Amino acid sequence: MSTRVAGAGSGGVAAEGASSASLLHTLARTRNDGVALVLRATLALVIFPHGAQKLLGWFDGPGFSGAMAHLTTDYGLPGLIALPVILIEFFAPLALALGLLTRLAALAVAAVMIGAALTTHLPNGFFMNWFGNQAGEGFEYHLLAVGLAVGVIARGGGALSLDRRIICDADAGRKS
């Protein structure tokens, strides 16, 4: 299967491996955008502590085995769903902080937040349980996280991202 690649000429057809390189280029493409930097840094900062609680037990969290038990027993998630949730909540914020595979990391965070909101938090209403008078936490946090993730997906990693550095280096290599 051949794929046309931008810059290959009007009639040029790319080789097999070029389609994955083109996809990576499309996913990593970003401008020197300060707003994108703020969006991805904020998303990383608000998600990382939750992942660190689940995977490492930091911030008074349950750690990996406790989180797996909580997600599978209390929430009824299959282990094949619970494991990626924990890994995404820990590793995606690290990727976001570095600006590496930024759009994929943001998409993964959005998927986890949508899943958590729909399966667990929606019945508790909109608001977080600030005063302890609800059965659990509402979905407002998840909505904010999804909004940040959508902004990151739309704008990419922006300023100071490895995505930008890698793509700039790759583009410079193509021109030489």
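Predicted model: local features only at pLDDT ≥ 70, side-chain atom pairs only at ≥ 80, totals over all residues.
What should the 20 residues of helix 5 span at 1.5 Å a residue, and how far apart are its end C-alpha atoms? Select residues 102–121 to find out.

The buried residues include Thr102, Arg103, Ala105, Ala106, Ala108, Val109 and Ala110. Further along, Val112, Met113, Ala117, Thr120 and His121 are buried too.

The crossing is left-handed.

Next, show side chains where the two helices meet. On the helix 5 side, pick Thr102, Arg103, Ala106, Leu107, Ala110, Met113, Ile114, Ala116, Ala117 and His121. Their partners in helix 6 are Tyr141, His142, Ala145, Val146, Ala149, Val152, Ile153, Ala154 and Arg155. Sort the residues of this contact by type and you get 14 nonpolar, three polar and two charged.

Last stop: Glu89, in helix 4 (residues 79–98). Is Glu89 buried or exposed? Its relative accessibility is 7%, so Glu89 counts as buried; the cut-off for that is under 20%. Leaving aside neighbours within four places in sequence, select what Glu89 touches: Ile47, Phe48, His50, Gly51 and Lys54, plus Val112 and Met113. Those last two bring you back to helix 5, where Val112 and Met113 are both buried.

Definitions and conventions:
Residues numbered from 1 in each chain as written. Heavy atoms only, no water. Helix = DSSP H or I, 4+ residues; strand = E, 2+ residues; numbered from the N terminus. Expected span 1.5 Å × (residues − 1). Buried < 20%, exposed > 50% of the residue type's maximum accessible area, 1.4 Å probe, protein only. Left-handed = near helix turned anticlockwise from the far one by under 90°. Contact = heavy atoms within 4.5 Å. Nonpolar A, V, L, I, M, F, W, Y, C, P; charged D, E, K, R; others polar.
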